[in-house]
Number of protein chains: 2
Amino acid sequence: MRMHNPPHPGEIIKSLCLEPAGLTVTEAAEGLGVSRKTLSAILNGRSGISPEMAIRLSIAFNTSAESWLSQQVQYDLWHAEQGRKALKVIKLAA
Amino acid sequence: MRMHNPPHPGEIIKSLCLEPAGLTVTEAAEGLGVSRKTLSAILNGRSGISPEMAIRLSIAFNTSAESWLSQQVQYDLWHAEQGRKALKVIKLAA
DNA sequence: GTAATCTGTAACGCCTCGGGTTACGATCGC
DNA sequence: GCGATCGTAACCCGAGGCGTTACAGATTAC
C-alpha cells in the first residue's frame, strides 16, 4: 500500500498534454470529441478516465492508452484501500 | 494493440485461486464477503473486477490487488479498442 | 428413488458514475 | 463594455456493480 495519495490522472493530462501544446480546455475537448464539461470534470479530478477516454487521449496526444488507465487504477485503488478495514473478508489461502 | 482477446480475469481467479484450494463458488463467495451471484458473474466474465473486489481477493488469497485490476484493465481496454475507429478524435500533438 | 448440495441465471431494486445539454457566475484580456 | 474561457449546478440517460429471491439443471449422498 502506497504512502502518498496519488494525483488524479487529470492533473497529469493538464500538465503533460494541454499546457505543453498551449491548448485551452475548450479546444482540447473539441479535439477529443467530448463535451467541455466532461474534460473539465476529468482535469479537476471529479471523474475518472474511462477506457474510451483513454483511447481518445492516446489518439490525440500519441500516447499509450494503457498508461492512462494504469494511472487511473493506481488512483482508484489507493482510495479503495482507505476502506480496507471495513471489508469482512476471510483468508482462504496462504 | 494486442492481437488476442485477453481472458476475463474471472477465469484466472477460478484456475489460480478456487481450484487449487478446492473451494466451491459458494464457499469462496462467503469468504470474500459477497453474494454467490456476484462471484459467479465475475467467474463467468459477466462482471468486471471492481477496486473493492480486487482488495477482497488480495486479502483472501494473499495476492496483489493491483495485479487483478491490471488484468481487468487489459480486458476492458481490448474491448474498447474494438470501437476505436468509431471515435472522432483529432490529433492534437505529435 | 429421493434428498441435499452446488451452480448459473433471470427478475427485481438500489446506487454510483460517465457523458450530454443548457445555463449561470466569475475571471481575464482587449 | 465585450468576448472568450472556465468551473459547475441542474437535469436526463444508460451502463454496471451488488443484493435478495427464486428457479432449473447437474451432481453427489443416502
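User: Ground rules before we start?

Analyst: The model is predicted, local features need pLDDT of at least 70, side-chain atom pairs count only at pLDDT 80 or more, and totals for chains, interfaces and linings use all residues. Residues are numbered from 1 along each chain as its sequence is written, chains are lettered from A and ligands numbered from 1 in the order written, and side-chain values use heavy atoms, without hydrogens and water.

User: How many residues surround DNA strand D?

Analyst: 17 residues surround it, counting a residue as near if one of its heavy atoms lies within 4 Å. Among the closest are Val25(A), Arg36(A) and Thr38(B).

User: What does Arg36(A) lie 2.9 Å from?

Analyst: A polar side-chain atom of Arg36(A) lies 2.9 Å from a base nitrogen of DNA strand D.

User: New topic. How many salt bridges over all chains?

Analyst: Four; a salt bridge is a side-chain nitrogen of Lys or Arg within 4 Å of a carboxyl oxygen of Asp or Glu. One of them joins Glu52(A) and Arg56(A), with the closest N and O atoms 2.8 Å apart.

User: Is Arg56(A) buried or exposed?

Analyst: Arg56(A) is buried at 10% relative accessibility, whereas Glu52(A) is partly exposed at 40%. Buried means under 20% relative accessible area, exposed over 50%, and partly exposed in between (1.4 Å probe, protein chains only).

Methods:
Polar contact = N/O pair within 3.5 Å; in protein donor to acceptor, adjacent residues only side chain to side chain.
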